[in-house]
Amino acid sequence: MIKKDVPAEIINDHDIKQTDESDHRYSSLINLTRLENNRSAKVIEIQGGHQVVGKLEAMGIVPGATVVKKSASIMKGPIVIEKAGMQFAVGYPMAEKIIIEPLAWDDAAGHSPVKKIVLLGNPNVGKTLLFSRITGTGVVTANYAGTTIDLVTGKFNYGGRKYELIDAPGIYSLEHFSEADEIALKLVTDSDIIINVIDATNLERNLNLTLQLLQARKPMLVCLNFWDDTEHNGISIDVPALQKILDVPVVTVSALRKEGIAKLLEAIPKARISNLTYDAEEHWNQIGNIVNTVQKLEHRHHTVLERLSDFTLHPIGGIITALGVLLTTLVIVRFIGEGMINNLLDPFYTNIYAPLIMNLVGHIPSEFIQGLLVGYSTDPLESFGILTSGIYIALVQVFPYFISFYFVFGFLEDLGYLPRLAVVVDNFFHRFGLHGYSSIPVMLGLGCKVPALLSTRVLNSQREKILTIALIMMSAPCLPQTAMIVSLGMHYGVTTVLFIFIILLILALGINILINKKLPGKSEEFFTELPSYRMPSPSLMAVKLRVRIVEYFSEILPMITLGVLIMNILDYLKVIEFATNILKKPVELVMGLPPEIAPIMLMGFLRKDVSIALLAPLHLTAHQFIIGSIFLVLYTPCIASFFTMLKELGAKIALKIITLVFIVALAVTFMIHAIYILVF
């Protein structure tokens with residue numbers, strides 16, 4: 001400790017002389033202003049009287065604390081320091097009164113080895129939200145298994161040390177059953193510290209993994225999440241007793257309410273290797289004994305959400321609920337999507353954006369550059385300009401449905417309904433080599449294929465993903481296409497419209513059965529946890545929606561723009577005009593359609609509902625309208641779906657699916673035309 005009779009002025013010098021040779025640390029003591037940037041130090045003493053000491057103590061800056069100097073002072077201005085992940089600005093005179101001992105560079109924040117922490121636990125225990133709370137990053141969370149198959153990592157500082165936090169896939173044990181288990185096993189081996197996240201309302205089931213993790217002989221601590229729910233569920237847990245049995249720190253947390261996060265961070269340096277003995281053959285008896293020792297249950301009545309859970313899993317109630325949810329979702333998405341297009345985005349583009357961008361680009365001397373940027377037509381769907389067609393398709397046509405779908409989707413995720421929907425429809429989807437979870441992407445595909453394709457990330461295997469995407473691309477037209485088919489088809493009668501959708505449904509199911517038989521591998525047995533219903537948090541929903549919007553603008557919009565650029569160049573080189581002339585005769589011979597439909601087919605790559613709308617001026621017969629509609633729905637995905645498929649599946653698999661669908665579309669429309677000629 002600093003000798004009280006040593007003036008502070010002496011300590012301000014780097015090269016202070018040692019007055020007491022027995023005190024080997026004395027020469028290393030300096031005040032905070034002398035510390036190098038990004039170096040950590042231990043607070044030894046705070047001088048300056050009660051007022052200064054009190055202010056710093058309120059921020060946790062007390063003797064014994066570790067701080068990191070983040071920035072040097074300019075002209076003796078404030079100095080920024082960091083403690084426990086929080087930053088403070090300290091005035092220069094006050095900083096001179098904080099006497100510190102610099103830690104070795106090996107322990108300093110910018111130079112110490114980064115400690116790797118892995119969050120491990122069962123599915124649906126709130127690991128991803130906890131990750132977000134600790135690192136401060138907006139990570140998408142979901143109330144169903146499979147969300148974290150793609151690893152998410154983040155970094156944070158605490159106590160002058162840097163940590164890397166990894167959000168691992170949800171697993172039930174350390175036995176190898178799936179790709180997620182394999183990833184988790186590797187993370188256990190590579191980690192420095194394990195945070196085992198437990199659902200405090202399901203202690204017995206979670207402890208199975210906990211006991212296995214303790215045998216990994218890694219420094220570990222246990223986080224009891226959903227602590228606020230234990231009281232509502234009549235559950236009482238003796239935390240000190242549990243901590244004594246497990247022989248590792250146990251911290252109670254409510255990630256949703258941001259409660260207990262600071263205590264969890266404080267416990268990280270205290271993580272230790274447990275000495276608990278583990279008998280693999282008797283582990284469930286051991287778990288039962290632990291639960292009986294530390295947990296007490298009180299009788300309580302079913303809540304409204306629990307009764308709702310029972311109803312949505314009932315054989316009849318589940319089907320009724322599923323149909324109601326699907327119908328409500330489509331209505332809400334159409335209402336929000338079309339409302340954004342008609343009342344906000346399209347007027348903004350037409351009245352403000354387009355005139356402004358045309359005026360700016362008009363000053364560019366190069367006609368070729370002008371063509372690339374704004375195209376050669378005032379119609380944004382025909383211009384092929386990066387700043388016209390690219391922006392219009394991505395922002396006006398696709399984005400409204402994307403954001404409205406994920407708004408509803410996020411609510412259903414956080415509520416906990418999606419696993420129950422998967423249970424209700426699993427029997428049907430299992431016949432096609434899929435699980436009930438595939439119903440979620442297929443449901444999204446009824447509105448817009450882009451969010452549907454992105455949502456296949458919740459599926460665990462590549463095989464299941466391929467089958468689901470094939471079903472998405474063929475099962476039904478997207479919402480705008482459906483609206484145009486119904487609108488135009490009703491002129492020919494209800495039978496014509498129904499025939500189109502029946503043919504599409506038969507094709508989708510038939511092709512999926514075929515792919516399921518030919519695709520190597522087998523579908524895994526359906527297994528999922530049913531989390532408790534929880535009322536969604538509006539703030540958390542907003543964070544998730546923001547993250548998905550960022551994902552859209554960083555991933556989907558650039559792909560659409562690139563596609564428009566390619567179409568623009570092909571149009572400039574007269575390739576599209578050449579292809580149109582080539583297609584006219586085959587289209588007339590194979591499908592019995594007028595030659596004028598050829599350019600419409602090429603245009604459908606940009607916007608498929610408009611391509612169907614352009615059938616109206618051709619005055620088609622009923623059978624021609626059926627053939628034209630089926631072909632335009634199937635023959636190729638729109639530009640946004642095309643590039644999304646490339647990203648999700650890779651070019652090879654995506655092109656195989658697109659080619660298969662195109663061949664099916666061509667063959668089916670040819671057969672319909674041939675049958676019509678033979679019969680009529």
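This briefing walks through the fold, the ring pairs, the salt bridges and a surface patch of one protein. The structure is a predicted model. The protein has 680 residues, and 51% of them are buried. Its secondary structure comes to 27 helices and 14 strands.

**The protein as a whole**

- Take the contacts between residues at least 6 apart in sequence: 72% of these join residues at least 24 apart.

- Phe642 and Phe643 form another pair, with ring centres 5.1 Å apart. Here the planes stand at 90°, and an angle over 60 counts as edge-to-face, so that is the name this pair gets.
- Phe642 has 18% relative accessibility, and it counts as buried because the cut-off is under 20%. Phe643 is buried too, at 10%.
- Elsewhere, Tyr349, Tyr353 and Tyr392 are linked into a cluster by ring pairs.

**Salt bridges across the chain**

- Side chains of opposite charge can pair when their charged atoms come close. In this model the count comes to 5 salt bridges.
- Asp228 pairs with Arg257, and their closest N and O atoms are 3.4 Å apart. The two residues sit 29 residues apart and link distant parts of the chain: Asp228 belongs to helix H7, while Arg257 lies in the loop between strand E13 and helix H9.
- Are the two partners buried or exposed? Asp228 is buried, with a relative accessible area of 14%, whereas Arg257 is partly exposed at 47%.
- Asp247 and Arg272 also meet in a salt bridge, with an N to O distance of 3.7 Å. Both are in loops: Asp247 lies between helix H8 and E13, and Arg272 lies between H9 and helix H10, 25 residues apart in the chain.
- Arg272 counts as partly exposed, with 36% relative accessibility.
- Glu648 forms a salt bridge with Lys465, and the closest N and O atoms are 3.2 Å apart. This pair connects two helices, with Glu648 in H26 (residues 639-649) and Lys465 in H18 (residues 462-475), 183 residues apart.
- Both Glu648 and Lys465 are buried.

- H21 supplies the largest share of the patch, 5 residues.
- Tyr572 is partly exposed, with a relative accessible area of 42%, and a patch residue needs over 30%.

Definitions and conventions
Residues numbered from 1 in each chain as written. Predicted model: local features only at pLDDT ≥ 70, side-chain atom pairs only at ≥ 80, totals over all residues. Heavy atoms only, no water. Phe/Tyr/Trp six-rings, centres within 6.5 Å; stacked < 30°, edge-to-face > 60°. Buried < 20%, exposed > 50% of the residue type's maximum accessible area, 1.4 Å probe, protein only. Helix = DSSP H or I, 4+ residues; strand = E, 2+ residues; numbered from the N terminus. Contact = heavy atoms within 4.5 Å. Salt bridge = Lys/Arg side-chain N within 4 Å of Asp/Glu carboxyl O.
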